[in-house]
Amino acid sequence: AAADKLTIRGQVSNATPGGSLPENMQAVLLGFSGMNPAFDATTPVAADGSYAFEDVQFDPEFVYMVRVDANGLSFNSDILHGGDIIGGEAELPVKVYDTTTDNSGLSVDRLHVFFDFSNPGMVQVVNLLIISNPSDRIVIPAEEGQPVVQYVLPESATDLQFEDGQLGGRYVETATGFGDLMSVSPGTGQHQVLYAYQMPY
């Protein structure tokens, strides 16, 4: 018979060379049924970075993920699908990173620009940028409210819209356009920005 309980273990490690783990960390196990939260549990992380959740509710339709807060940021494990678990145990390691405010190493891997001429006299310009951080540190704002990356808009641009945020939230208005407050994690193509605006045509 399939097990109805599960043990989930993991190791929290600092992926920045020379970096250390904060003390008194907590690991949070999140379970989802479809898009809806099913349960959550918290356990302390040992000094060596290990953690374990025992007697976890198992369902092959569930999705499991572990979150750890470190250096003022949240870091997540990969997503584990219940249907992929064999036996009564699974592992979900979590990588954390030290931080930096130096954004000079960030690069745009891909830029897609779309034009919509369906409204007479106007054109909607949609920009999708895929950004990479090749360093071993997560890039954060230099100070609260200061963008990690800034974007310049044409002077005649109006009706600025975002896929996942708004001005006053993740994004802030600047003298030449807008800025993005979200930190950029290490990796290739890990950061995405999609925005659109209208221009006279």
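Visitor: Which residues do ring pairs link into a cluster?
Guide: Ring pairs join Y151, F162, Y171, F178, Y195 and Y197 into a cluster, where rings of Phe, Tyr and Trp (its six-membered ring) pair if their centres lie within 6.5 Å, with planes under 30 degrees apart counting as stacked, over 60 as edge-to-face and the rest as tilted. This is a predicted model, in which local features need pLDDT of at least 70 and side-chain atom pairs count only at pLDDT 80 or more, while totals for chains, interfaces and linings use all residues. Residues are numbered from 1 along each chain as its sequence is written, and side-chain values use heavy atoms, leaving out hydrogens and water.

Visitor: How many aromatic pairs does this rule give?
Guide: The count comes to 14 aromatic pairs.

Visitor: Why is the pair of F62 and Y64 called edge-to-face?
Guide: The centres of F62 and Y64 are 6.2 Å apart with 65 degrees between the planes, and because the limits are within 6.5 Å and over 60 degrees, the pair is edge-to-face.

Visitor: What makes F62 and Y64 buried or exposed?
Guide: Buried means under 20% relative accessible area (exposed is over 50%, partly exposed in between, with a 1.4 Å probe and protein chains only); F62 has 8% relative accessibility and therefore counts as buried, and Y64, at 0%, is buried.

Visitor: Why is the pair of Y151 and F178 called stacked?
Guide: Y151 and F178 lie 4.8 Å centre to centre with 15 degrees between the planes, so the pair falls under the 30 degrees set for stacked.
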